[in-house]
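I opened this notebook to record what I looked up in the structure. The entries follow the order in which I worked.

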2 protein chains.
Amino acid sequence: MELIHMIFGSIGSVGGGLALGKEGPLVHTGACIASLLGQGGSTKYHLSPRWLQVFKSDRDRRDLVTCGCAAGVAAAFRAPVGGVLFALEEVTSWWRSQLMWRVFFTSAIVAVVVRTAMGWCKSGKCGHFGSGGFIIWDISGGQDDYSFEELFPMAIIGIIGGLLGALFNQLTLYITYWRRKSLHKRGNRVKIIEACLISVITSIISFGLPLLRKCSPCPESDANSDLECPRPPGMYGNYVNFYCSKDKEYNDLATIFFNTQDDAIRNLFSAKTIHEYSAQSLLTFLVMFYTLAVVTFGTAVPAGQFVPGIMIGSTYGRLVGMFVVKFYRKLNIEEGTYALLGAASFLGGSMRMTVSLCVIMVEITNNLKLLPLIMLVLLISKAVGDAFNEGLYEEQAHLRGIPLLESRPKYHMRKMTAKEACRRQKVVSFPRVVKVANVFSILRSNKHNGFPVVDHGRNGEALVIGLILRSHLLVLLQSKLDFQHSPLPCDLGMGSIPIRHNFSEFVKPASSTGLSIEDIHLTPDDFEMYIDLTPFLNPSPYVVPEDMSLTKVYNLFRQLGLRHVFVVPRAPRVIGLITRKDLLVEENDDSATVELQSTSSSEI
Amino acid sequence: MELIHMIFGSIGSVGGGLALGKEGPLVHTGACIASLLGQGGSTKYHLSPRWLQVFKSDRDRRDLVTCGCAAGVAAAFRAPVGGVLFALEEVTSWWRSQLMWRVFFTSAIVAVVVRTAMGWCKSGKCGHFGSGGFIIWDISGGQDDYSFEELFPMAIIGIIGGLLGALFNQLTLYITYWRRKSLHKRGNRVKIIEACLISVITSIISFGLPLLRKCSPCPESDANSDLECPRPPGMYGNYVNFYCSKDKEYNDLATIFFNTQDDAIRNLFSAKTIHEYSAQSLLTFLVMFYTLAVVTFGTAVPAGQFVPGIMIGSTYGRLVGMFVVKFYRKLNIEEGTYALLGAASFLGGSMRMTVSLCVIMVEITNNLKLLPLIMLVLLISKAVGDAFNEGLYEEQAHLRGIPLLESRPKYHMRKMTAKEACRRQKVVSFPRVVKVANVFSILRSNKHNGFPVVDHGRNGEALVIGLILRSHLLVLLQSKLDFQHSPLPCDLGMGSIPIRHNFSEFVKPASSTGLSIEDIHLTPDDFEMYIDLTPFLNPSPYVVPEDMSLTKVYNLFRQLGLRHVFVVPRAPRVIGLITRKDLLVEENDDSATVELQSTSSSEI
């Protein structure tokens, strides 16, 4: 089962592995493929082969989506370990050790597939794919040492990154909010017009601004550098000649605008391009690109946030670097290093990741010796950013109403109890055997997703026997297979109840909204029937006592990835107390093992 | 508070950062310093300054120890990100996002401190420290490409690694078991004799075996290589002349044995040392070193497992590499690459880490382009090893009786209920106000660490009001401050109970075994007194219903890092149902916020 799981996870990833482009769509693609696999194919497009039916539970689907995201990052940046850590730090809020192993498997397969595909594409017949080698922006030949004095400007880069990143999050939050409230409600046509409009504005700015900029003379050719200035027509790379005289002149603003973003970043990171850009051009580009990134974010275009973030960060990083080079003349300082740190700081200030960002930055630049500096800059930018708002993904998830629990409970929860948190919704419970008419009317009258089921014990006292989900009730109502005439439990004295349902019917497809109560049509005869809920309920959901601190409840939800928790009165007595040792002792305790074997054999 | 936490975490690490040596002691040192800080200094050595009293809880201490371990790895291998991931994957079983940030902070500080210290020590005045640069075994100039055919021998390395690693775990398990049962019980003197004996045997073998080996002629001097053969006296590094004629001869077995392990590994990994070692020498060394490593593991000597593991792995990796070089003559293959993969495979097969090992291997060798291969090899070796037994650390933790919960519950737990797991110990509960004599006799008569406290509600029914820890009861008995004459609760009508204890008295020092019931001496008068337990109990421990599956209970323990869980009867009714949305909605819901503010202001 687990093996199948992992193999499918990696199938989802290979699709991403062969593509080239921005990372946002790739991560999205990976997650989508994984999600499709997780629901056993798509019924809408008649793609639901039998061998895909192994994934039944929500948990499998969550795990697959996590693997898919990791695969996307691994493929986009050729950063397999970074992908694993991205999935760990940013994607999943509920991490288990088994998941680590699966995600790692997925990433490893992606890495090998991408590497092999790049070997086949070496001759250049696959277009841009494979250019730049396995390391996208290799700067391993650059600065690999730093002096104590440089720590100060680097800290400043961290602070700038934190400020600009927090500002970016805040601006995109406002714009997305406005867009959702007023713009995107008017239909899909508006979305297309918006996207077209923005791309036209982007084009005008990209062409117009370099026209206003004067040409610069080419630097004297350097024996170490294989860069031609200006670049020959038809080639990609550096020193764009843009309406300049052909001879030894280039336009530095056009060099940033008229390259693929990959090449532009490579130039900014590179140590060989000292004095290529003037401070004025960098500043112009920074302002324009930042504004465009803010406006573009949230349009109906699948676009990533990593590469634009690296562009913004490396621009101001290089600006700082230029001043540092002027200020500390004696030291061996390269502007490219500061561009790299700037990129790290902006991503850290906006996305607030730490370890995964660190690893991704190292994996895409192959300069391990700068790792301490990257860590330092990330530390500062994240701390500065956290002082203002939350990370980009968290803010957007909040805005979209995705019930994503943050890593730590809110402060006010300390003073609240579990009972207070659920005071707003009245609990509706079902008896064990329930009339269909009652189910129908209760499901109609409220929108709860889970209902407690209460039965009477042998002594006549009430007992909560489990939790039934709305979605399961809807399936039961629709299929009508389990309706019965008698209001008595269908216990046949054998302890087992015949289940007429295929388990897969209860799996909610992720791509649709699932069944709704309006879809269900029952005859008056049906309404008089009964359902015994016992086989379909979760017999032991997690419970909390009514006066437990909400902080503790929060941690329970967050750490176990729960959806529902019952709040119950304090218990009258304690039957037992389980300690860690009770969960460990089984192995070495022979008597327990024997007892266990007898238990399991009697159950066969 | 958090800042203090992190700063102290990094203080603990700086101590480790300046030392050089094997990683085991360093990780240990980091954890010890952190643990000392966590308990507010050491009372035994009169080092308990006031400013250390901020860490009160077990959780703080656990977090600090995690930070300390990460700092140790970060300092030993100069692998800061590897340290973070090591702490995440191997050290802590209970991971929170806040912890990631703290551990990352610690590692970043370690990285910067180590880097700065290495800058100061450049001239060589700090001994071995700083030799090898920030990357210990830099092989970035070596093989960075591989062909499809090579994947097969690499998979074989993975399988060998898995087999040898699993065998290593099993052998060390048996030997450690025997040692603890029969050898170490006889006192500390035996431990010293054992350590001396093993070191003598090691020395005899290290000197004796090279003597039996013939000398080899030096390879023709290579212009690219700056290695001298044989190495000049007083120098470290390659080509050891060991009773060979001074002129152009060296002893290849002595070259492995008579170097620091650092240098030996560097030679094994290096691409420049092709044909330096004969297969016979490598095999001899492998057998001897493997045996010695098995025997030495578990002696009373602080020794790490990483560096010996890398030695073993790189030896057989290089052996495989030699055959591959012979077999695929056309390809550009280097033995050093296979040595690196061998090292990764043995560590993976023995310790069963994935992501952290990957990052550590990349951080210590600086050859990012081999990352896909390292991942592949780790994947295979871990899978092969898992087929036989558990990881080295898990096995040893089991043996030592450390209640470390594995990542996934045992299969048989699915068929057990919570009630069955706790059937072996009878629950002893306390009333709210308890007679001192009763507390004393109960603590004497059993060894439970936690007791439920049961009180009577307004209607006279019994109610479980919380959990009291044995250690807290012992503190109460010893201090006698809270004894009272009346058997009535000491409610003063104000809702608050005067607490006469300083909170820090309840913190159990980690370095001692804590109070024992035998340490407490009470007068007959004391026995007639009463204690009101209300202020000292945990009012809402987590509870599970009696028939919950043990698998679910296990996950609760594991994910929340619990120590005690109450097993209670099924609830008679559900007061409320909390969903994820209930935990999120507070922020945007104005009415809730107002209500909350009024609640908190009334409490002031």
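Entry 1, elements. I took helices (H or I, at least four residues) and strands (E, at least two) as DSSP runs, numbered from the N terminus. The model I examined is predicted. On that basis I found 22 helices and 11 strands in chain A.

Entry 2, fold of the chain. I looked up burial and found that 43% of the 604 residues of chain A count as buried. I then turned to contacts in chain A between residues at least 6 apart in sequence, and noted that 72% of them join residues at least 24 apart.

For the complex, the predictor gives an ipTM of 0.77 and a pTM of 0.80. For chain A I recorded a mean pLDDT of 76, with 76% of its residues at 70 or more. Residues 1–22 of chain A have a pLDDT below 50, and this stretch has 55 contacts in the model beyond near neighbours in sequence. Residues 587–604 of chain A also fall below 50, with 7 such contacts. I note that where pLDDT is low, the predicted coordinates should not be read in detail.

How do α3(A) and α4(A) cross? The axes of α3 (residues 58–77) and α4 (residues 80–91) of chain A come within 7 Å and cross at roughly 140°. I therefore class α3(A) as oblique to α4(A). The crossing of the two helices is right-handed. In the contact, residues of α3(A) including C69(A), V73(A) and F77(A) meet residues of α4(A), among them P80(A), V84(A) and F86(A). I counted the contact residues as 11 nonpolar, 3 polar and no charged.

Key:
Residues are numbered from 1 along each chain as its sequence is written. Chains are lettered from A and ligands numbered from 1 in the order in which they are written. This is a predicted model: local features need pLDDT of at least 70, side-chain atom pairs count only at pLDDT 80 or more; totals for chains, interfaces and linings use all residues. A residue is buried if 20 or more other C-beta atoms lie within 10 Å of its own, exposed if 12 or fewer, and partly exposed in between; C-beta atoms are placed from the backbone. pLDDT is the predictor's confidence in each residue, from 0 to 100. Axes are lines fitted to C-alpha atoms, for helices over the stretch in contact, and angles run from 0 to 180 degrees between N-to-C directions. Angles under 35 degrees count as roughly parallel, over 145 as roughly antiparallel, 65 to 115 as roughly perpendicular and the rest as oblique. A crossing is left-handed if the near helix is turned anticlockwise from the far one by less than a right angle, and right-handed if clockwise. Ala, Val, Leu, Ile, Met, Phe, Trp, Tyr, Cys and Pro count as nonpolar, Asp, Glu, Lys and Arg as charged, and the others, Gly among them, as polar.
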